[in-house]
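The structure is shown first.

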Amino acid sequence: MAQCVQSVQEFIQDSFVPMVAVLCSEDAERVTRKNNLSFPELLRPFCRLTSEGHLRDPNNQVVVVKGLRISVTGINTRPPQSPELHRLLSQAVSVCQPPEGSPANVIAAGDYDLNISDRTVKASVPWYSDWKETLTQLSSSKYYTATTPWFETYRENFLQSMPASEHEFLNHYLACMLVVSSREAVPTEQFLKLSQEQHRIQHSGEYTHPKWFIPNTLKYYVLLHDISEGDEQRADSVYEDMKQRYGTQGCYLLKINSRSGSTGADEQMPDPWSQYLHKTSIHNPELYEESAVSNAVENNIGAEEDGLNPSIRDGVSETHPLQLDHPTDAGYPGNNASQSVNNVDETRPQKQASGTSHTSPTPRGTCLTLNDHDHMRQFIQEFTFRGLLPHIEKNIRQLNDQLVSRKGLSRSLFSATKKLFGGGKVPEKSIAELKNTAGLLYPSEAPELQIRKMADLCFLVQHYELAYNCYHTAKKDFLSDQAMLYAAGALEMAAVAAFLQSGAPRPYPAHYMDTAIQTYRDVCKNMLLAERCCLLSAEILKSQVKFSDAATLLIKMTSEDSDLRSALLLEQAAHCFINMRSPMVRKFAFHMILAGHRFSKAEQKRHALRCYSQALQVYKGKGWTLAEDHINFTIGRQSFTLRQPENAVAAFRHILINDSKQSAVQQAAFLREYLYVYKVSNSHRNPITYDLRLIHTKTDDYISVHTNRR
């Protein structure tokens, strides 16, 4: 796989974080909207702890929590449905492109620096001397990138858009912030109304979303004070009353808006929200115009020149079975459902209008000072250390006590691990032999679910050893009941928890993940969960330098139901091949071709062009003329569609200037395509202009004869 910005541990920890809901009064929402932000958006840049947290497990051992991030979202947010999720992921990938003109990255392949420039590079292996020139060209190509930020963007959006499921609790809300403005006539009455509303949402049975982790959800009371227009003494007085009612660990006075809109308007303040709210945006307005014009351009190719190009396409498709289909491009619609996908914790694709109108982005945080930033950062720390972590610690102890009493264990689950796992194993069965009980649901108080709930709580606070023990126990119970959805979930998280344990007391159980993926995909018919498993396992295998296993896993997850997913996974598989100790360069190129094909089908034409261009660095000059012709033809078509006529002319010209092994009909088709593209490109006159004009006046028979003479 390509190099990633985050380590695998950081990536996994950020994929599973404690979820916190927010319920605001209207006046509190008005206070935050002065900064063009909702309350959850206001807090988003400050949701990662900068210091360590601590809690105690059921054995009274201290657990250190490092770098914890929490997810704060509105209580009414819902995960996007499948079509909307596909659109959001497609847009996220489309707007994330390599920067134009940036220097090429270096390929790290085994012990070799493939950005080769002198004699000091080792060349002791046979493959290296054979492929040295190719690798040099590939690493220095402007088309090659060692990192793939579009894949990381896709992965982050995908994981944070995962809907809450009945078989696991990782995406369920652990707490709810009740936010009231200090300007309310009677803030405590407003807090009571919000508390009753939260209770109704959770317990009335009227709502399927959101889902809650435990019945006694932590309620944290936040008094929001607008410094620019509020009475600070009254706010302090109300807060003192709140501490008497809710306890010092259950409430907080948050003071913001130290600066009015007119005061210090010229002062430049940092905008930490842009990297979270518009992570997928780039400053490239042409990108959003691509899909709007590409269909018209392709239609013009086929419509002009007296119908020549349809016959060209027919000829090409017969000789080139890999020739790409070109479905109609669809312009990216505006993000009309931004509120419904607010649960995407750190990303929200930018609206089309903002990409095409050249207008400046809406300023955010205009009423906030750096002191206000510190206030919000301190608020998150106080909420987590004094509210959330003690709440989680208490519930882990309660669940442990319940499980001990129900199972008749003399000691805690944590202490009895050897006793539990030392007995006989559940008989292993193949997936085909197991009954399809994917629809089985346990009652909420079932012991099996309580074990899973305890495992998820431990995982969220980085107690991976106890989490693994609980997942392992739950896995055996679920397999005994043939509850395959639950069993797959336990297998998945047991594998991740085993990998994350400090000191690596046990090897990463990759077979757990393989079984989970197969179960999700073949038994439960849930490709979202299977894809999540694949993304997690591939990243772990990559970190263990098992690139071959990672590539095999990624390729297995490609399918016909999603061209975008298949394209991204094939590209990552290609990077796995190039990163092996003995880089498999041809496999890299072949899978980049496959990725480019799927990118094109997914309407990601820029990514398709990039993949084909990277693959060409390997195929060119190796005597594989038919493959090289196909790649050049595809690059020419894609370049012309993307309004890069000079590149298109160069690609088509390369097909014509060398000795060809193509049939006469195919060579004529290539020549016609070249002539049309050259005409449309409006290039400057050059020595072949007269010849092109002459050929244009001749018949199709002349073109065929002219081609055969070559």
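## Helix pair α1 and α19

In this predicted model, helix α1 (residues 8–15) and helix α19 (residues 527–543) have axes that come within 10 Å and cross at roughly 160°. Angles over 145 degrees count as roughly antiparallel, so α1 is roughly antiparallel to α19. The crossing of the two helices is left-handed.

On the α1 side, the contact is made by Val 8, Phe 11 and Ile 12. Their partners in α19 are Leu 535, Leu 536, Glu 539, Ile 540 and Ser 543. Sorted by class, the contact of α1 with α19 has 6 nonpolar, 1 polar and 1 charged residues.

## Nonpolar cores

The largest nonpolar core has 149 residues. Ile 12, Phe 39, Met 177, Phe 379 and Phe 459 have the most contacts inside this core. Helix α17 (residues 484–500) supplies the largest share, 15 residues. A second, separate core has 20 residues, among them Met 19, Ile 75, Leu 178 and Cys 251.

Apart from neighbours within four places in sequence, Phe 379 is in contact with Phe 39, Leu 43, Met 177, Tyr 220, Val 222, Tyr 252 and Leu 254.

## Ser 25

Ser 25 lies in the loop between β1 (19–24) and α2 (26–33). Is Ser 25 buried or exposed? Its relative accessible area is 3%, so Ser 25 is buried.

The C-alpha atoms of Ser 25 and Leu 178 are separated by 8.1 Å, with the two residues 153 residues apart along the chain.

Terms used
Residues numbered from 1 in each chain as written. Predicted model: local features only at pLDDT ≥ 70, side-chain atom pairs only at ≥ 80, totals over all residues. Heavy atoms only, no water. Core = buried A, V, L, I, M, F, W, Y, C linked by side-chain atoms within 4.5 Å. Buried < 20%, exposed > 50% of the residue type's maximum accessible area, 1.4 Å probe, protein only. Helix = DSSP H or I, 4+ residues; strand = E, 2+ residues; numbered from the N terminus. Contact = heavy atoms within 4.5 Å. Axes fitted to C-alpha atoms, helices over the stretch in contact; angles between N-to-C directions. Parallel < 35°, antiparallel > 145°, perpendicular 65-115°, else oblique. Left-handed = near helix turned anticlockwise from the far one by under 90°. Nonpolar A, V, L, I, M, F, W, Y, C, P; charged D, E, K, R; others polar.
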